[in-house]
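Please find below a note for a colleague who has the sequence and the coordinates to hand. The points are meant to be read beside the model.

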Amino acid sequence: VLMLWVMGGLRHVTAPAAIGGPFQLTDQTGQTVTDKSMQGRPSLIFFGFTHCPDVCPTTLFEISEVLKAMGEDGDRVNAYYISVDPERDTQAAMKEYLSSFDPRLKGLTGNAEEIAKVLSEYRVYAKKVPLKDGDYTMDHTALIYLMDRDGKFVSPFNINRKPEDAASDLKPYL
Ligand code: NI
């Protein structure tokens, strides 16, 4: 959390910059998703990578539970999982990975440049960390961003509670 604000502060010393901005990415079905796609519905946005051992799968499970707890209203929420690891997170990898979670979750990926742009706009910290076997993992911001119907950042969204409680918190933004 600290990193998010520190990075913003470095780039904009006099006034805090808005979180978010224009992007164009591709979901796991090959559909183009842009910032314009967010309009008219609240969005939960989480950044991660499919090789993530624990934080990402846990969070995606929890988001799935919140969508379920919302019932049909869950159809009126954008839930985006945006890759911080475009090198490995191809559209096919996203499709395979997200088959374990709520089908309303969209896994967004793109080329290195497209991902770098969205990470910068959302002030997401993501860093490649080499592993001993030549493989690598990613350190990354694990916040869930709540954006309103106009695509404006509201606050980090707390998922560490009962899905019903998180769902009732989300409903006023529909
Ligand atoms: Ni992760």
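1. Basis. The structure is a predicted model, in which local features need pLDDT of at least 70 and side-chain atom pairs count only at pLDDT 80 or more, whereas totals for chains, interfaces and linings use all residues. Residues are numbered from 1 along each chain as its sequence is written, and side-chain values use heavy atoms, with hydrogens and water left out.

2. The sheet. Helices (H or I, at least four residues) and strands (E, at least two) are DSSP runs numbered from the N terminus, and two strands pair if DSSP finds at least two bridges between them. On these terms there is an open sheet of 5 strands, in the order 5-4-3-8-9 and with mixed pairing. Strand 5 (105-108) and strand 9 stand at the edges with a single partner strand each, so one side of each is left without a neighbour in the sheet. From one strand to the next the twist averages 25°, where axes are lines fitted to C-alpha atoms (for helices over the stretch in contact) and angles run from 0 to 180 degrees between N-to-C directions.

3. Strand 8 and its partners. Strand 3 (residues 43-48) runs antiparallel to strand 8 and is joined to it by 4 bridges; Leu44 stands opposite Leu146, and Ser43 has Met147 as its bridge partner. Strand 9 (residues 153-156) also pairs with strand 8 in the antiparallel sense, over 3 bridges, with Ser155 as the bridge partner of Leu146. Strands 8 and 9 form a hairpin with 5 residues between them, and Gly151 in the turn has a positive phi of about 80°.

4. Side chains of strand 8. In a regular strand the side chains alternate between the two faces of the sheet. In strand 8 (residues 144-147), Ile144 and Leu146 point one way and Tyr145 and Met147 the other way, yet all are buried, a term that means under 20% relative accessible area, with exposed over 50% and partly exposed in between (1.4 Å probe, protein chains only).

5. The core. A nonpolar core is a set of buried Ala, Val, Leu, Ile, Met, Phe, Trp, Tyr and Cys residues joined through side-chain atoms within 4.5 Å. The largest one has 47 residues, and those with the most contacts inside it are Ile45, Phe47, Ile63, Ile82, Tyr122 and Tyr145. Helix 2 (residues 55-69) gives the largest share of this core, 5 residues.

6. Helix 2. Cys56, Thr59, Leu60, Ile63, Ser64, Val66 and Leu67 are buried in helix 2. They cover an arc of only 160° around the axis, which puts them on the same side of the helix, the arc being that of the directions from the helix axis to the C-beta atoms. Just after helix 2, Gly71 takes a positive phi of about 65°.

7. The nickel site. Which residues coordinate the nickel ion? They are Cys52 (SG), Cys56 (SG) and His140 (NE2), at 2.1 to 2.2 Å, and their spacing in sequence is C-x3-C-x83-H. Cys52, in the loop between strand 3 and helix 2, and His140, in strand 7 (residues 136-140), are 88 residues apart and link distant parts of the chain; both are buried. Donors are N, O and S atoms within 2.8 Å of the metal (3.2 Å for Na, K and Ca), and water is not among the atoms, so sites may look incomplete.

8. Most residues other than glycine have a negative phi. Arg123 has a positive phi of about 55° although it is not a glycine; Arg123 is found in the loop between helix 4 and strand 6 and is buried, with a relative accessible area of 3%. Tyr125, in the loop between helix 4 (112-121) and strand 6 (126-130), is partly exposed at 27%.
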